[in-house]
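Please look over the model below alongside this note, which takes a few individual residues in turn and then goes on to the ligand.

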Amino acid sequence: MIYTLTTNPAIDMNITSDTLSHDHINRTRDAVYTPNGKGLNVSFTLKHYGVDSTILGFFGGFSGEFIVREAGRICPVKPIEIDGITRINVFLSTPEGEFVMPNAGAPVPRTKQEELLELLRGLDDMSCLIVSGSLSPEMDPSFYDEAIDIVREKGAEFVLDISHAHLRELIEKKPLLIKPNDDELADIFGEAIESRADAVAALGRLHERGAQNVLLTLGGDGAYFSNGEHVWHASAAEKDSILSTACAGDATLASFLSLWLADRGAVEPALTRAMATGANVTMCAGLGDFARVDELAKTVHVKQVA
Ligand SMILES: O=P(O)(O)OC[C@@]1(O)O[C@H](CO)[C@@H](O)[C@@H]1O
């Protein structure tokens with residue numbers, strides 16, 4: 001069984017406004033409330049492509065209850081309940097662009113962290129743990145080490161999609177795959193990507209540090225995938241609109257994994273699906289319904305570049 005771990009889940013509230021000014025009442029419309037958090041988005045997208053996974057994370061208060069109930073209609077959830085209130089993150093679309101306002105989230109005390117680690121120890125069917133998103137307040141980044149060490153002891157694989165600087169150390173534990181974007185690559189590893197040569201060289205250095213595979217996403221410039229032997233580039237899909245970029249990275253990762261986890265040679269179809277799915281998600285509030293993925297996939301070009 002694949003498990004996703006979201007240490008800091010959220011209800012995402014997508015809203016639209018024609019104005020944003022501190023001198024006025026900024027009326028908003030088209031509110032869409034969805035149960036989210038990066039790992040949950042991965043689980044939902046995997047499910048869309050017929051791959052089962054179970055959701056793990058910390059949930060509290062009315063918002064936590066809402067997420068567990070709604071997510072449970074799609075995937076199994078094994079929640080650790082906390083006392084605080086799971087955050088609500090705001091994604092505001094305006095004519096000038098999108099305002100992304102994630103909240104810090106509910107604190108997760110050490111006793112609850114230990115409960116989750118104990119839950120992980122008891123999961124005998126784990127083939128892969130996908131760890132996504134930020135840490136809740138009160139969580140030390142060493143929690144990632146503890147969780148990953150349990151997964152490795154089980155002989156299972158793990159995927160990391162985190163923007164914490166501790167990724168620099170965690171990469172030495174040999175993740176099956178990491179999915180940085182260009183900003184994370186610059187902030188965490190000091191790698192600036194201005195050209196294809198930069199990308200290929202940076203990917204090589206990530207392998208030297210320990211990553212087995214890397215999916216590097218570059219927004220409008222597409223993505224690179226490297227397996228340590230070869231590097232592929234995929235162009236971004238040609239979409240006609242962008243509503244919100246929220247959840248697109250998670251959907252890109254999950255749709256890639258939905259093919260590649262079971263067939264590590266299926267890089268080209270996995271990248272095509274990933275680019276098309278990510279693009280479709282940017283056209284919707286939240287993950288949307290993936291309705292235009294097939295059409296968008298026809299505009300993606302994948303080629304081996306090294
Ligand atoms: O604070 P984090 O965990 O980094 O990001 C949380 C979040 O912004 O990421 C998802 C989109 O990727 C949203 O569903 C969610 O609200």
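1. Gly 222 is buried, its relative accessible area being 2%, where buried stands for under 20% relative accessible area, exposed for over 50% and partly exposed for what falls in between, computed with a 1.4 Å probe and protein chains only. Gly 222 belongs to the loop that runs between strand E11 (214-217) and strand E12 (223-226); strands here are DSSP runs of E with at least two residues, helices are runs of H or I with at least four, and both are numbered from the N terminus. Between the C-alpha atoms of Gly 222 and Arg 29 there are 31 Å in space, and the two residues are 193 apart in sequence.

2. As to provenance, this is a predicted model, in which local features need pLDDT of at least 70 and side-chain atom pairs count only at pLDDT 80 or more, whereas totals for chains, interfaces and linings use all residues. Residues are numbered from 1 along each chain as its sequence is written, and side-chain values use heavy atoms, with hydrogens and water left out.

3. Two residues with positive phi deserve a look. Glu 138, which is not a glycine, has a phi near 80 degrees; its place is in the loop between strand E8 (128-132) and helix H4 (142-153), and Glu 138 counts as exposed at 57% relative accessibility. Phe 290, likewise a residue other than glycine, has a positive phi of about 60 degrees and is found in the loop between helix H9 (267-282) and helix H10 (293-297). Is Phe 290 buried or exposed? With a relative accessible area of 10%, Phe 290 is buried.

4. Leu 185, in helix H6 (residues 182-189), is buried at a relative accessible area of 0%, and its C-alpha atom is separated by 13 Å from that of His 207, 22 residues apart along the chain. Tyr 3, in strand E1 (residues 2-6), is buried as well, with 3% relative accessible area; from Tyr 3 to Val 77 the C-alpha distance is 9.6 Å, although the two are 74 residues apart in sequence. Arg 121 lies in helix H3 (residues 110-121) and is partly exposed, with a relative accessible area of 43%, while 9.2 Å separate its C-alpha atom from that of Glu 153, 32 residues apart along the chain.

5. Turning to the ligand, 13 residues surround it, and the closest are Asp 12, Lys 38, Asn 89, Ser 134 and Asp 250; a residue is taken as near the ligand if one of its heavy atoms lies within 4 Å of it. By class, this shell has three nonpolar, six polar and four charged residues, where Ala, Val, Leu, Ile, Met, Phe, Trp, Tyr, Cys and Pro count as nonpolar, Asp, Glu, Lys and Arg as charged, and the others, Gly among them, as polar.

6. Of the 400 Å² of accessible area that the ligand has on its own, the protein covers 88%, the areas coming from the Shrake-Rupley method with a 1.4 Å probe. Strand E2 (10-16), helix H1 (38-48) and strand E6 (87-94) are the elements that give two or more residues to the shell around the ligand, and E6 gives the most, with three residues.
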